[in-house]
Amino acid sequence: MSNQTKPDFIREIYASMGISCAVYNYGTEILTQLSERFAAIDEVAEYNQLKVLRAMQKNQVSEACLLGTTGYGYNDLGRDTLEAVYADVFHTEDALVRPQITCGTHALALALMSNLRPGDELLSPVGKPYDTLEEVIGIRPSKGSLAEYGVSYRQVDLLADGGFDYENIRKAINDKTKLVTIQRSKGYQTRPTLSVARIGELIAFVKSVKPDVICMVDNCYGEFVETLEPSDVGADMVVGSLIKNPGGGLAPIGGYIAGRRDCVENAAYRLTSPGLGKEVGASLGVLPDFYQGLFLAPTVTAGALKGAIFAANIYEKLGFAVVPNGTESRHDIIQAVTFGTPEGVIAFCEGIQAAAPVDSHVTPEPWDMPGYDAKVIMAAGAFVSGSSIELSADGPIKEPYAVYFQGGLTWQHAKFGILKSLQSLVDKKIIEFG
Ligand SMILES: *Cc1c(COP(=O)(O)O)cnc(C)c1O
């Protein structure tokens, strides 16, 4: 629809919420170029919706599964069935999906610490992992790190063009190498996110060098972006957070590990206790949200993806560096925009905050977040605190002053948030506009 034919009531409500005519028209113009890509995203969502539904039907999710347990949580039908559903969605032997896994970092730490033993070595063949994992691994010294337990670490960086450094990966794999960790998403970096196909190539290479190495993929922000998951292309474990994609915005806490039975079993023994494993862990009242969130996750992820693509095109055409760029294919829901100044990062985040359904009246400020080595500004007016499948943005206040934008439980909300961020930059005269 061209600007002229957009109904007035839509323009009017945007205007009433602080979006100027110039910003609105610019957004509308950008959107006209995105219809084919949005249609392709809807197809992926359709496929994944049925994949999730099929897994729920196959495992006979019943009304009784929505009731929780308390205390030890023995015989928690809903918890055990949900884990079987996750295993089917990811095409793995087993899964651990628990509210006792507090966040994504915890899920990753659990997968690593339970499958590595003193004397083993961990390898990251895709460069530096996500900031919070530096302390888990002991790259930055930390109490209780893998390093303290005698697990060593090696890293092979990506090549300058983003490719895998196969020669050095081969050299880095040795007798001690037990587990290879592959981060799908870019995290707080401006490297490209890895497609599932590329992850598959890397895993095949690693296994050709050392077949019994455990390949783990940090799947945060990647779930349901493609029709395949890393576990479809050889990953022994996929790990993520339920307050990102797979929780569909409803899960109020939690993490998952889906993978080979022995790997998941190790994780369960570490999460609870040797001997107890998956048999304990009350689900309390969270199961309806875990199930319903997973059910919504494919379409929620699609909305977030559309928002990311919209943002890329909005800011790319204004001359900012964006990763991924406006046209390339997508493998996670994160959009990085480099503003080059702290003011740009802050103004963007203020705009996102002002678009929120909760706490839209507060102003985000940079702070020293646990696990990060620079101040970070976060915009999040979320129903679930810190949830980043909801409309959110964050940026470490350090070079190159890039902001990482993600989420939006609906495409319409993501769109509004991006227009609001642009309006904030225009109002602060960081962007000269119309
Ligand atoms: C979010 C994220 C994590 C950590 O998850 P938290 O839930 O914030 O602890 C790890 N890796 C990647 C790539 C992430 O995006």
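**View 1. The area buried between domain 1 and domain 2.** Between domain 1 and domain 2 about 2600 Å² is buried, and carbon and sulfur atoms give 63% of this area; buried area here is the accessible area (1.4 Å probe) that two parts lose on being put together, summed over both. The model is predicted, with pLDDT of at least 70 needed for local features and 80 or more for side-chain atom pairs, whereas totals for chains, interfaces and linings use all residues. Residues are numbered from 1 along each chain as its sequence is written, and side-chain values use heavy atoms, with hydrogens and water left out. Domain 1 covers 6-47 + 298-427 and domain 2 covers 65-294, the bounds coming from an automatic or database domain assignment. The contact (heavy atoms within 4.5 Å) takes 33 residues from domain 1 and 31 residues from domain 2, while the centres of the two domains, taken over C-alpha atoms, are 27 Å apart.

**View 2. Polar and charged pairs across the interface of domain 1 and domain 2.** One salt bridge is found across this interface, a salt bridge being a side-chain nitrogen of Lys or Arg within 4 Å of a carboxyl oxygen of Asp or Glu. Ten residue pairs, both residues at pLDDT 80 or more, are in polar contact across the interface; the term denotes a pair of N or O atoms within 3.5 Å, and within protein one must be able to donate a hydrogen and the other to accept it, with residues adjacent in sequence counting only if both atoms are side-chain atoms. Helix 10 gives the most to the side of domain 1 that touches domain 2, with four residues, helices being DSSP runs (H or I, at least four residues) numbered from the N terminus.

View 3. An N or O atom in the side chain of threonine 105 is 2.5 Å from a ligand oxygen atom, and a polar side-chain atom of lysine 244 lies 3.0 Å from an oxygen atom of the ligand. In the side chain of aspartate 218, an N or O atom is 2.6 Å from a nitrogen atom of the ligand.

**View 4. The salt bridge between lysine 306 and aspartate 42.** These two side chains meet at 2.8 Å, N to O. Lysine 306 belongs to helix 10 and aspartate 42 to helix 3, so that the pair links distant parts of the chain, 264 residues apart.

Terms used. Helix = DSSP H or I, 4+ residues; strand = E, 2+ residues; numbered from the N terminus.
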